[in-house]
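Reader: I would like to learn how to read helix packing and strand pairing in a model like this one. Could you walk me through it?

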Amino acid sequence: MAEFWKIFGTIVIRTMVSVVALFILAKLVGVRQIAQLTFFDYICGITIGSLAAVAALDDEIPLWTTVLGMALFSLSSYLASLWTDKSILARRLLTGTPMVLIEDGQLIEKALASSRTDVNDLLREARCAGFFNLSDIAYAILETNGKFSFLPRADMKPVTPADLQLCPAPSTLVGNIIIDGKIMQQNLKLMGRNQDWLHQELARQSIRLKDVLLATLDEKGNLSAYLGGKTSNRSKIFD
């Protein structure tokens, strides 16, 4: 039993150190690995995770060596991001360049092969973007983060107010002022309203505060409340 608690304590301590090290390194590196994930960042992230697992479970390897390895890989990722920010050549080397897969409505077979993208992948991404017919697409580009961008043909573009020479009212910001029946005091204040106004508006719409799942307020003072407890059987059509 003493041996069990010794092993248990060792694993707990090593795991906590590993978690703290991961948290600190993630803060130091920043959100770039999530928002602008490159292949090099991806490899570094996997390696750091593997080292963290070793640090937590393998007591035959000194803890400081795995933490040092995690720090060095994090430093490499950070330095690579700085290099790519300063150098176009480094950006092309580490991040890559976008690839045109469809040009003027025609598939570019060489680009599909180079990017390891087959026609089915392209069709799936096109459908996800709202294009069920490739003939509606003028250009398709594979971005460096692995996502697809599509430019519709000129005659397939949605009509905008500018096309109709209209001048719509400026868009306004919307603030969340009630979430799960709780008033977001700071948000309400930033929107230039107070609790008295909010309660009066809820009463005017015959809504109880505790029933509100979400309520939003725009800069014009329009309150939109979404009540909880709603159910739907629509999901069954996808069975």
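Reader: How many residues of β7 are buried?

Author: Buried means a relative accessible area under 20%, with over 50% called exposed and anything in between partly exposed, using a 1.4 Å probe and protein chains only. In β7, 5 of its 7 residues are buried, so the strand is mostly covered by that definition. Before we go on, residues are numbered from 1 along each chain as its sequence is written, and side-chain values use heavy atoms, with hydrogens and water left out. This is a predicted model, in which local features need pLDDT of at least 70 and side-chain atom pairs count only at pLDDT 80 or more, while totals for chains, interfaces and linings use all residues.

Reader: Which strands make up the open sheet, and in what order?

Author: Strands of a sheet pair through backbone hydrogen bonds, either parallel or antiparallel. Here, two strands pair if DSSP finds at least two bridges between them. The elements themselves are DSSP runs numbered from the N terminus: helices are H or I with at least four residues, and strands are E with at least two. The open sheet has 4 strands in the order β6-β5-β7-β8, with antiparallel pairing. Its edge strands are β6 (182-183) and β8 (223-227), each of which pairs on one side only.

Reader: What does helix α9 touch?

Author: Contact means heavy atoms within 4.5 Å. Helix α9 (residues 195-204) packs on the sheet and touches β5 (174-179), β6, β7 and β8. The direction of α9 makes about 65° with that of β8.

Reader: How many bridges join β7 to β8?

Author: Strand β7 (residues 212-218) is joined to β8 by 5 bridges, and the two run antiparallel. β7 and β8 form a hairpin with 4 residues between them, and Gly221 in the turn has a positive phi of about 90°. With β5, β7 pairs in the antiparallel sense over 5 bridges. There, Leu217 in β7 is the bridge partner of Gly175.

Reader: Where is the hairpin of β1, and what partners does β1 have?

Author: Strand β1 (residues 99-103) pairs with strand β3 (residues 137-142) in the antiparallel sense over 4 bridges, and Glu103 has Tyr139 in β3 as its bridge partner. β1 also pairs with strand β2 (residues 106-107), antiparallel and over 2 bridges. In that pair, Ile102 has Leu107 in β2 as its bridge partner. The hairpin is formed by β1 and β2, with 2 residues between them, and Asp104 in the turn has a positive phi of about 55°.

Reader: Now the helices. At what angle do α1 and α4 cross?

Author: Axes are lines fitted to C-alpha atoms, for helices over the stretch in contact, and angles run from 0 to 180 degrees between N-to-C directions. Angles under 35 degrees count as roughly parallel, over 145 as roughly antiparallel, 65 to 115 as roughly perpendicular and the rest as oblique. The axes of helix α1 (residues 2-29) and helix α4 (residues 63-86) come within 10 Å and cross at roughly 15°. That makes α1 roughly parallel to α4.

Reader: Is the crossing of α1 and α4 left-handed or right-handed?

Author: A crossing is left-handed if the near helix is turned anticlockwise from the far one by less than a right angle, and right-handed if clockwise. The crossing of α1 and α4 is right-handed. Among the residues that meet are Val17, Ser18 and Leu25 in α1, and Val67, Met70 and Tyr78 in α4.

Reader: And how are α1 and α3 oriented to each other?

Author: The axes of α1 and helix α3 (residues 39-57) come within 7 Å and cross at roughly 155°. The two helices are therefore roughly antiparallel to each other. The residues that meet include Ile11 and Ser18 in α1, and Ile48 and Ala52 in α3.

Reader: Is Ser18 buried or exposed?

Author: Ser18, found in helix α1, is buried, with a relative accessible area of 3%. Leaving aside neighbours within four places in sequence, Ser18 is in contact with Ala52, Ala55 and Met70.
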